[in-house]
Amino acid sequence: MLNTFRIHISPEGQLNVFADNGTFQERAPQLAALLQSLADNGIAFESVGAVEQHRHDDPRDRLLAASGLHSHGDGHYHQH
Amino acid sequence: MPCYAVATAQALIDNALFSKFLTPDLLRQLIDLVSQETKIEIRRSDYAHKNWVSDIRLVSGGMLGVAILDNGKIAVSLGGVNYAGSDTPKAREFMQALEAKIKTVGAALLTQAVAQIVQSQGAQNLQTSYKADGTAVLTFQA
């Protein structure tokens, strides 16, 4: 089964790599492998962050997501 | 439970990518493009030195130098202490416009390289779109 992924690349060279479905346990290793494959193929990274989980099971999170904000499930929100 | 995972990385867009794609000839084309866009008239002197790309003399006064350093980074600088009068407002305007153009090209090169890599890894239905702020969005299935 194919899964959908997104890569956002900002003009400053920041990459945000997303997996939109499945469980965190399934997708986290895939995202880490995706970044590693980019590095292995010549993309030099200044820094690489840990894979994080974002949830939308709380209606408040869906409202925030609609406005471009996301919850990390630990009470803090930020924009991508 | 509905969720998604996200990872963030900061790419060095002025390093390996530039070494691979941004040749002196392409850089000189960008210099001429900036001249056209800013309407700042220049006289360009090119060099075959392995680092030095061009000297740019502004007709109105002022001078810039452009080089590709050994680490792949593009250096755009005002003429320096050996060139009296190189630091003029127009020269600074040209330098900032050229730096912005190089940054734009760097982000485009990065997007192109990432797209090629994910496709070579078997990604399907790859689509590229752009947000209003210039962020490229690659969507694919794997």
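Visitor: Which residue takes a positive phi just after α1(A)?
Guide: The model is predicted. In it, the backbone just after α1(A) has a phi of about 105°. The residue with this positive phi is A:Gly42.

Visitor: How many Å should helix α1 of chain A span, at 1.5 Å a residue?
Guide: Helix α1 of chain A covers residues 24–40, which is 17 residues.

Visitor: Within what arc do the buried residues of α1(A) fall, seen down its axis?
Guide: The buried residues of α1(A) are A:Arg27, A:Leu31, A:Leu34, A:Leu35 and A:Leu38. An α-helix has 3.6 residues a turn, so residues three or four places apart point the same way. The buried residues of α1(A) line one face of the helix, because seen down the axis they fall within an arc of 90°.

Visitor: Which exposed residues does the face of α1(A) turned away from its buried side carry?
Guide: The buried side of α1(A) includes A:Leu31 and A:Leu35. The face turned away from that side carries the exposed residues A:Gln25, A:Glu26, A:Pro29, A:Ala33, A:Gln36 and A:Asp40.

Visitor: Does A:Val48 count as buried, partly exposed or exposed, and why?
Guide: A:Val48 lies in strand β3 of chain A, residues 45–48. A residue needs 20 or more C-beta neighbours within 10 Å to be buried, and 12 or fewer to be exposed. A:Val48 has 17 inside 10 Å, so it counts as partly exposed.

Visitor: Leaving aside neighbours within four places in sequence, with which residues is A:Leu35 in contact?
Guide: A:Leu35 is one of the buried residues of α1(A). A:Val48, with the sequence neighbours again left aside, is in contact with A:Leu35 and B:Ala9. For A:Leu35 the contacts are A:Val17, A:Val48, B:Ala7 and B:Ala9.

Visitor: Which elements each supply at least two residues of the largest nonpolar core?
Guide: This core has 25 residues, and those touching the most other members include A:Leu31, A:Leu35, B:Ala7 and B:Val114. Apart from it lies another core of 19 residues, among them B:Ile42 and B:Phe94. The elements that each supply at least two residues of the largest core are β1, β2 and α1 of chain A together with β1, α3 and β7 of chain B.

Visitor: In what order do the elements of chain A run from the N terminus on?
Guide: Chain A has 2 helices and 6 strands. From the N terminus on, the order is β-β-α-β-β-α-β-β.

Notes:
Residues are numbered from 1 along each chain as its sequence is written. Chains are lettered from A and ligands numbered from 1 in the order in which they are written. This is a predicted model: local features need pLDDT of at least 70, side-chain atom pairs count only at pLDDT 80 or more; totals for chains, interfaces and linings use all residues. Helices (H or I, at least four residues) and strands (E, at least two) are DSSP runs, numbered from the N terminus. The expected span of a helix is 1.5 Å times one less than its number of residues. The arc is that of the directions from the helix axis to the C-beta atoms. Two residues are in contact if their C-beta atoms, placed from the backbone, lie within 7 Å. A nonpolar core is a set of buried Ala, Val, Leu, Ile, Met, Phe, Trp, Tyr and Cys residues joined through C-beta atoms within 7 Å.
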